[in-house]
Amino acid sequence: MTIDPVSLIDDRPDEGIFRVDRAIFRDADIFELEMRRLFEGGWVFLGLASQAPAPHDFFTATAGRVPVLVMRDGDGQLGAFVNSCPHKGAQVVQTRAGNARMHVCPYHSWSFDSAGRNRAIKWQRAGCYAQSFDRSDHGLARLPRFEEYRGFLFGSLVADVPSLAQHLGGAARFLDFVVGQPEEGIELVPGAVTFTYDANWKLQLENCSDAYHFTSTHPSYIRIMERRQKGEGAVGVRSIWEQSQAWREDAEGVQGGSYSFEHGHVLNWGRIGMGETHPLRESAEAITARHGEAGRDWIFNMRNLTIFPNLQIAENASSQLRVIQPLEPGRTLMRTWCIAPKGESAPARRRRIRQYEDFFNPSGMATPDDTVAYEGCQRGHAGRIDPWLQGYSRGMTASRQGGNALSDAIEASPLRNVLADSQLCDETLYHNYYREWARRLTAAVHE
Amino acid sequence: MTATLTRAEAEDLLYREAALLDEGAWDDWLALYTEDALFWMPAWRDELTPTADPDRELSLIYYEGRRGLEDRVIRARSGQSVASHPRPRSVHMISNVRLIECIANTAEIASNFTVSLHDIRAERTHDFFGRYRHTLRREAGAWRITRKYILLLNDTIPTVVDFYSI
């Protein structure tokens, strides 16, 4: 290791300084350390329990670079395994999802049941194995940690991590608002969308929490929304952004803000309200009954939640679940889904899907302007003259310790908060990412 | 009188659409579509099954009516979309054209496509490929597109896919 990660984060709160060295986005050693300490060395999001609802259902995922198989066994228990045969290492399951009692490795036919146990080694008796072989376990390697929080499945490739509840901490309160709209549970709308961009994964991490870019990066989308408000443009596609004041420069009063939680999780939010185009409007009463008025108001806010390091849930123009998969320092794979409450009416679901496609898809009218901007950043990150980036300074004098009245109302307990008007556009929430990043990358680990 | 369409005429129309997209002649491209045209590129439900119900499943692009395409053209030309400028160089190659049906002033055409793109800014070249289904309708003495279905086979999208790149 040639670079000390801590030297790349200039964190001097007493002086009002927080800067990040561009090297964190391009350096190969840093990337390797991120893989080992963050993605392969702690809790990562793997998927939703609703992706494997029935016995013997399975789906595949990745933890860092490691292929993972999540299966529900015959007793209904979910388990997570490395999707790699203990014999020669071949990937056992070839498909993204399915249902099977038995998985046969395509290379030498070792077989595993849906609980990951080895059920057959081809020609074992004729194999002249030593006794020590017969005594050892030939099942799929189980992830040392695998837990569920209200349908969200997380796993860790190392055992030495806090419980999932501890890991999520106060951010779990905001997962509650994702699942209870108003029924328990969410579902993935069929049709996953996958895209890559040629830039570092942390560009996506930051952009989800970036209130500052909207009117600069997406004016073409705003122009289309304005057209549609006038009754021009696409029929049947409306955006809840149309009703929002949060991004309008002349909006007054508190329009949003941010919360930072332990372990690097952040939420940024903005007021949207219960406009006629909101897919949840039909459920407003039921949502109030379940979550109270304060909870309902939160559910009708725009909320972008990051569960560090690889899960982002953006609930603004429709609802997106994103999984960030770093491939190289300058290349990232994004797996994205439209998420929706179970039991949603057909017209609301249709509205949700149309808004989603238009805004979130790499074939839509907003996301490509983000990802192309990331690629521009990545090229710019080659610069070594004045390497310190200045994009972590807005909100420095507005950031407060603990929560505020709005988080108190729902008994959320953030580490820090910012209340913002439409132009503040807090950047201090990124500090939370990089403090956790520095802590994890420098912590003594037994490897 | 009922008009019929030959495969040669169908090919002419598909090739013309391809040329207009590649040249950036998007007003002329829009004029090929009927007011009520459906433009649909599904996503994939699993490895081999595209999504089939746009009301309950996700599509990559779905617009009912040409106005949705007009939005896209406005955005691409706005000068306010970094993804849209500079526009990649592109060439559409269309082959295996088959006339599926031609009855009562409507016709359905199946074809295969490859679009090769060169993103000048990123110095990156990429192909999108898949299958088209065009439904044509005879209007005011001309054949126009009333439905375009684009089945994109390589749907791991390298950063951007837009109406002109499929």
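This is a predicted model: local features need pLDDT of at least 70, side-chain atom pairs count only at pLDDT 80 or more; totals for chains, interfaces and linings use all residues.
**Entry 1: domains**

Which domains does the domain assignment give for chain A? I found domain 1 (45-148) and domain 2 (169-442); such bounds come from an automatic or database domain assignment. Residues are numbered from 1 along each chain as its sequence is written, while chains are lettered from A and ligands numbered from 1 in the order in which they are written.

I looked up the spacing next: the C-alpha centres of domain 1 of chain A and domain 2 of chain A are 35 Å apart. Their contact involves 5 residues from domain 1 of chain A and 8 residues from domain 2 of chain A; a contact is two residues whose C-beta atoms, placed from the backbone, lie within 7 Å. On the domain 1 side I noted 2 nonpolar, 3 polar and no charged residues. Here Ala, Val, Leu, Ile, Met, Phe, Trp, Tyr, Cys and Pro count as nonpolar, Asp, Glu, Lys and Arg as charged, and the others, Gly among them, as polar.

**Entry 2**

In chain A I traced an open antiparallel sheet of 3 strands in the order S3-S12-S11. Strands (E, at least two residues) and helices (H or I, at least four) are DSSP runs, numbered from the N terminus, and two strands pair if DSSP finds at least two bridges between them. S3 (44-48) and S11 (145-149) of chain A are the edge strands, each pairing on one side only. I counted 5 bridges between S11(A) and S12 (152-156) of chain A, and Glu148(A) has Leu153(A) as its bridge partner in S12(A).

**Entry 3: helix H4**

Which residues of H4 (172-179) of chain A are buried? They are Arg173(A), Phe174(A), Phe177(A) and Val178(A); buried means 20 or more other C-beta atoms within 10 Å of a residue's own, with C-beta atoms placed from the backbone. They sit on the same side of H4(A), because they cover an arc of only 155° around the axis, taken from the directions from the helix axis to the C-beta atoms. Among the elements they pack against are helix H8 (284-299) and strand S16 (266-271) of chain A.

**Entry 4: chain B**

I then turned to the partner chain: 40 residues of chain A are in contact with 38 residues of chain B. Elements giving two or more residues to the chain A side include S14 (193-197) and H9 (346-360) of chain A. That side has 21 nonpolar, 10 polar and 9 charged residues. S14(A) pairs in the parallel sense with S7 (156-158) of chain B over 3 bridges, and Thr194(A) has Thr156(B) as its bridge partner.

Note on methods
A residue is buried if 20 or more other C-beta atoms lie within 10 Å of its own, exposed if 12 or fewer, and partly exposed in between; C-beta atoms are placed from the backbone.
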